[in-house]
Amino acid sequence: FRIGSLTKQFTAAGVLLLAEQGKLKVDDRLSLYLPSFPQGNEVTLRDLLDHTSGIHNFTEGPLIDRISTAGATVEELVGDIAGQSPLYDFEPGTGWWYSNSNYALLGAIIEKVTGKSWGAFMKAEIFDKLGMADTAADDARDVVAGRASGYTLIDGAPGKFRNANFTDMSVPYAAGALRSTADDMARWNEALFAGRLLKPESLKEMLAPGRLRNGAETQTAIAWPGG
């Protein structure tokens, strides 16, 4: 089944693995990897990981309607995110707001640093190493034994369902495109907390509360775009 935004923890772990390998730093500026991204010199990878970048969530607005079924290349998705207006809901590091844009950009950074697709990197560096044979970047064209179907409520009524609308998995991308099984998710949980993937200091950083530029924990400053 598709695991949706549980994908984000895998993308975050991938970034921390690359930090351990000396290929990036979590306090690097976004502009180091995506030089043309507006105000990219004000956003850190930590901001993206912690949802404190202020970059507008591309799944909240007209952009998602345009690309959800047609799909997008990574370059197109980054360009579409950068072209949102307004692009920033608040100044980077000054607030918190959940945004799929953050993790799409992290996926693009992983690709730029490694020279591999995000899905291929996840497979080689995480899934294969942890024996997660049934976990992968999803693609509707793949033939997957036992694939679960997705459903959505009809008019929000409990117990009344229809088949979910089609969404090309290039759109949720590094923010939500993985498929997995309950067994594989259990393997992941055990391996992560047993220290079989990340060094203790990286795991500690992964689990620590996010911080704003002023040192406050992120949950103390939730921003309400447009509110």
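**Exercise 1.** Is His-56 buried or exposed?

*Solution.* His-56 has a relative accessible area of 16%. Buried means under 20%, exposed over 50%, and partly exposed in between, with a 1.4 Å probe and protein chains only. His-56 is therefore buried.

The model is predicted: local features need pLDDT of at least 70, side-chain atom pairs count only at pLDDT 80 or more, and totals for chains, interfaces and linings use all residues. Residues are numbered from 1 along each chain as its sequence is written, and side-chain values use heavy atoms, with hydrogens and water left out.

**Exercise 2.** State which residues His-56 touches, not counting residues up to four places away in sequence.

*Solution.* Contact means heavy atoms within 4.5 Å. On that basis His-56 touches Gln-84, Pro-86, Leu-87, Asp-89, Ser-99 and Ser-101. With the side chain of Asp-89, the His-56 side chain makes a polar contact at 3.1 Å (a pair of N or O atoms within 3.5 Å; within protein, one must be able to donate a hydrogen and the other to accept it, and residues adjacent in sequence count only if both atoms are side-chain atoms).

**Exercise 3.** Describe how helix H4 packs against helix H5.

*Solution.* H4 covers residues 74-82 and H5 residues 100-114. Their axes are 10 Å apart, at an angle of about 140 degrees. That makes H4 oblique to H5, since angles under 35 degrees count as roughly parallel, over 145 as roughly antiparallel, 65 to 115 as roughly perpendicular and the rest as oblique. Val-74, Leu-77, Val-78 and Ile-81 of H4 meet Ser-101, Ala-104, Leu-105, Ala-108 and Glu-111 of H5.

How values were computed: Axes fitted to C-alpha atoms, helices over the stretch in contact; angles between N-to-C directions. Helix = DSSP H or I, 4+ residues; strand = E, 2+ residues; numbered from the N terminus.
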